[in-house]
Amino acid sequence: MSRAPGPCVDSRVAIADAPDPSAEADLVAGLRSGDSAAFTAVYDRHAPTMFRFLVRLCGRRDLAEDLFQELWMRVARHGRRLRPDTRLGPWLYTVARNLVRSHARWSVGDAAGLAALASWWYLEAPASAPLEAVLAADAARRLEAGIARLPASGREVLLLVVVEGLSVDDAARVLKLTSEAARQRLHRARAELLRCLPMSDGEKR
């Protein structure tokens, strides 16, 4: 369990390719049997996204690093109890979310996560366009202020669906909601974010 997360968190919205069902079933079977090679394969496949998710959700890299280690210790301890039909991605997001919630330390301070949301909400500025870069930075600052006002439930669903690229159905499983309830929560979170988003300097009168 000495693996360490990477030195940086990619700010781009990274939506993982859909896993091959048969390969995922083999990995689940390996975890259920205590196969160390299966654990390593699961770690290599999911560690970057899990670390990024933890940083964005709890807003503190130092806390995220501790929870990241705990996440993989739980995978090692509880892998044998997995159902054969477990989908590893949603299960890992569920474990990560529960770890963050258990600490009850909700804050939004990770610029990388906010930049990813900014690219969804506004634009992703090319490096060669200074004006657009300024606009994107301003959008990220406005998003930071807006997201900070959202309840934890709104931040969770935005991160899972918008940033991490989970389907609404998978996000619903992570959040222990029905698909319709998750859709409604996402709709409310987006509407609330739009409502409380501060105006830019150029919009102020």
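Biologist: Where do F68 and W72 lie, and how many residues apart are they?

Modeller: Both sit in helix α3, 4 residues apart, about one turn of the helix. Helices here are DSSP runs of H or I with at least four residues, strands are E runs of at least two, and both are numbered from the N terminus. An α-helix has 3.6 residues a turn, so residues three or four places apart point the same way. This is a predicted model, where local features need pLDDT of at least 70 and side-chain atom pairs count only at pLDDT 80 or more, while totals for chains, interfaces and linings use all residues. Residues are numbered from 1 along each chain as its sequence is written, and side-chain values use heavy atoms, leaving out hydrogens and water.

Biologist: What makes two rings an aromatic pair?

Modeller: Rings of Phe, Tyr and Trp (its six-membered ring) pair if their centres lie within 6.5 Å; planes under 30 degrees apart are stacked, over 60 edge-to-face, and the rest tilted. That rule gives 6 aromatic pairs here. One of them is F39 with W72: at 5.9 Å centre to centre and 85° between the planes, that pair is edge-to-face. The pair links distant parts of the chain, with F39 in helix α2 (residues 36-58) and W72 in helix α3 (residues 61-78), 33 residues apart.

Biologist: And why is the pair of F68 and W72 given its label?

Modeller: Their centres are 6.3 Å apart and their planes at 70°, so that pair is edge-to-face. F39, Y43, F51, F68 and W72 form one aromatic cluster.

Biologist: How do you know whether W72 is buried or exposed?

Modeller: Buried means under 20% relative accessible area, exposed means over 50%, and partly exposed is in between (1.4 Å probe, protein chains only). W72 has 1%, so W72 is buried. F68 is at 1% too, so F68 also counts as buried.

Biologist: Why is α7 called largely enclosed?

Modeller: Because 11 of its 12 residues are buried, the rest of the structure largely encloses α7. Among them are A152, G154, R155 and E156.

Biologist: How do you know what span to expect for α7?

Modeller: The expected span is 1.5 Å times one less than the number of residues. The 12 residues of α7 should therefore span 16 Å, and the end C-alpha atoms are 15 Å apart, which agrees. After α7 comes G165, whose phi is positive, near 80°.
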